[in-house]
Amino acid sequence: MIPDELRYTAEHEWVAGADGTVRVGITHFAQEALGDIVFVQLPEEGVTVAAGESFGEVESTKSVSEIYAPLSGRVVARNERLAENPEAINTDPYGDGWLVEIALDDPSAVDGLLTAAAYRELTES
């Protein structure tokens, strides 16, 4: 379950879009490793995030894990439905379980993320 049209990070976030604003979530691999997700902490709209820095947390029945910004920019939307329905990350990590949308400082930075093939190789090793 690694969609070819997305880009990925080694920290198991996915990125959709390349037009200057991207949608971000955690991968199927990550949600499976976390187990049942019970709480999500996301940044407020308008907050600036920096690539590689933590911008939130996902709490599961097993642990609390940091969420890292895959790219630098400003949060322009957050998935408010996750407050009431955090398990959407488990049931639909690439759809209803998205986390935030970021207006990128540098849209070309998407090209520096892992392709689906590279992410597949990372998770299979």
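**Figure 1. Helices and strands of the predicted chain.** The predicted model has 3 helices and 9 strands, taken as DSSP runs numbered from the N terminus (helices H or I, at least four residues; strands E, at least two). From the N terminus on, their order is β-β-β-α-β-β-β-β-β-α-β-α. The radius of gyration, taken over C-alpha atoms, is 13 Å, close to the 14 Å of the globule rule for 125 residues, so the chain is as compact as a globular protein of that length; the rule is 2.2 Å times the number of residues to the power 0.38. Residues are numbered from 1 along each chain as its sequence is written, and side-chain values use heavy atoms, without hydrogens and water. Local features need pLDDT of at least 70 and side-chain atom pairs pLDDT 80 or more, while totals for chains, interfaces and linings use all residues.

**Figure 2. The largest nonpolar core.** A nonpolar core is a set of buried Ala, Val, Leu, Ile, Met, Phe, Trp, Tyr and Cys residues joined through side-chain atoms within 4.5 Å; buried means under 20% relative accessible area with a 1.4 Å probe, protein chains only. Among the 25 residues of this core, Val22, Leu99 and Val100 touch the most other members. Elements giving two or more residues to this core include β3 (21-26), α1 (28-34) and β9 (100-104). Another core, of 9 residues, lies apart from it and includes Leu6 and Trp98.

**Figure 3. Asn90 in helix α2.** Asn90 lies in helix α2 (residues 88-91) and counts as buried because its relative accessibility is 18%. The Asn90 side chain reaches the backbone oxygen of Gly35 at 2.9 Å, a polar contact (N or O atoms within 3.5 Å, one able to donate a hydrogen and the other to accept it; residues adjacent in sequence count only if both atoms are side-chain atoms).

Definitions and conventions:
Buried means under 20% relative accessible area, exposed over 50%, partly exposed in between (1.4 Å probe, protein chains only).
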